[in-house]
Amino acid sequence: MHTILKVSQNYYVRGGSDRYFFTLAELLKNHGHRVIPFAPTNPENQPSEWEQYFPRCADFEQPGIGDLFSFLYSRDAAKSMQRLLNDAEIDLAHFHIYYGKLTASILGVLKDADIPLIQTLHDFKLTCPVHSHTSNDEICEACAGKHFWRALPKRCNRGSFARTALNVTESYVSRMLGSHDKFDHFISVCHFNRKKMIQYGIPENKISTVHNFVDASDITPNFDPGNYLLYFGRLYSGKGIFTLIEAALPLKHVPLYIVGDGESLPEIQRILEQNECEHIHLLGFKQGDELRELIQNSICMILPSELYENCPMSILEAYACGKPAIGADIGGIPELIEDGVDGFLVPAGATDTLRDRMLWMSEHKDEAVEMGRAGRQKVEAEFNPEIHYQKIMNIYQQFL
């Protein structure tokens, strides 16, 4: 068996990419591989026998000049990586999201040691300086994968020229340090992402698609009709949250539970108060068993994104719980939902169509249950751990 170095910006769960980082590490360990994590120090980190090698990262809460330089190139990360390599034999390094905190400073250290580098692409960092192909909450591909300076006049990062300038600089610096060239292979989590990468210059033979997975074996599906529609995820406009609320406003008899937190929360609260929406419930951030129970007792989950999603775990988690999904026909979402079979696809931003599908789910609960059964069968057959492990190992074996 092999020793795999797993590299990430977080050693705690903050989002879907972090959750995947830990589940894949566990999957590799279960098959006998030795897994060594490498991530920045953080009070929220899970305990690890390897934490002595974790570098200090830039302070993004109250950044100073030194932190700005560390955002571009982390000497501490490079030195920590070298210390780790001096003490451990690594067969392959598998990267996830690493930029900004660890930076591309560590790539040269690993390549000098002749260690193969693979990265799972959880976003569009390689082709967009703000990682999402969005500008001011709208889809944007103005940089065409490499002309990152075009983001400056558009102020793509939260409307701030300074923030955007830092992103643009980081994109050029990381590319110069090998964010494209030093990796032996890239893994997209959906076909849409892979096609976008190829469109903007990543060689076709250098990138494969391996969708996310979910271990449904320890999740008990609930095939009883649910009592409410459910959204869970980050609360901001790009996720289509305002379209969802607009669609739900007239459906006074259809409860909608919204789970999550984010920058749009104050505006959402204002809209709900203004419209006296007693049927729309803001539940705040939930995770673990509490979130799972909310999914299991729902009619269906809704993901009305208006930006390029990759392979959202929320849909797979809903399926594992035996619930169907309503999703926007954008990015990688159509790769997970078969319209009319395990859920519905609606055009992104189409309020009326979304409302119609929400109403249909609430009025056809028995059919929604059957859709949930189809979703459960899908994750068991197509998105299970063993299939995922084999796909990952097929890529690893090319470089081991």
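1. In this note a residue is called buried when its relative accessible area is under 20%, exposed when it is over 50%, and partly exposed in between, with a 1.4 Å probe and protein chains only. This is a predicted model, in which local features need pLDDT of at least 70 and side-chain atom pairs count only at pLDDT 80 or more, while totals for chains, interfaces and linings use all residues. Residues are numbered from 1 along each chain as its sequence is written, and side-chain values use heavy atoms, with hydrogens and water left out.

2. On the cysteines: taking a disulfide as a pair of cysteine sulfur atoms within 2.5 Å, the count comes to zero. Cys-190 is in no disulfide, the nearest cysteine sulfur being that of Cys-311 at 6.8 Å, and Cys-190 is buried with a relative accessible area of 0%. Cys-300 is likewise in no disulfide, with the sulfur of Cys-321, the nearest from a cysteine, 13 Å away; Cys-300 too is buried, at a relative accessible area of 0%.

3. On the nonpolar cores, each being a set of buried Ala, Val, Leu, Ile, Met, Phe, Trp, Tyr and Cys residues joined through side-chain atoms within 4.5 Å: the largest has 71 residues, of which Leu-5, Met-81, Leu-84, Phe-95, Tyr-98, Leu-110 and Ile-315 touch the most other members. Helix 11 (residues 313-320) gives the most to this core, with six residues; helices (H or I, at least four residues) and strands (E, at least two) are DSSP runs numbered from the N terminus. Apart from this core lies another, of 29 residues, among them Leu-229, Tyr-231, Ile-299 and Phe-344. In soluble globular proteins, nonpolar side chains tend to be buried together.

4. Gln-119 is buried, with a relative accessible area of 2%, and its side chain reaches the backbone oxygen of His-96 at 3.3 Å.

5. On helix 6 (residues 161-176): its 16 residues should span 22 Å at 1.5 Å a residue, and the end C-alpha atoms are 22 Å apart, in agreement; the expected span is 1.5 Å times one less than the number of residues. Thr-164, Asn-167, Val-168, Glu-170, Ser-171 and Ser-174 are buried, and, seen down the axis, the buried residues fall within an arc of 160°, so they line one face of the helix; the arc is that of the directions from the helix axis to the C-beta atoms. On the other side of helix 6, Ala-162 and Met-176 are exposed. Just after the helix, Gly-178 takes a positive phi of about 110°.

6. On helix 12 (residues 351-363): Thr-351, Leu-354, Arg-355, Met-358, Met-361 and Ser-362 are its buried residues, and they fall within an arc of 125° seen down the axis, so they line one face of the helix. Asp-352, Asp-356 and Glu-363 are exposed on the other side. The elements covering the buried residues of helix 12 include strand 9 (229-232), helix 8 (241-248), strand 12 (300-303), strand 13 (325-328), strand 14 (343-346) and helix 13 (365-382).

Note on methods
Polar contact = N/O pair within 3.5 Å; in protein donor to acceptor, adjacent residues only side chain to side chain. Contact = heavy atoms within 4.5 Å.
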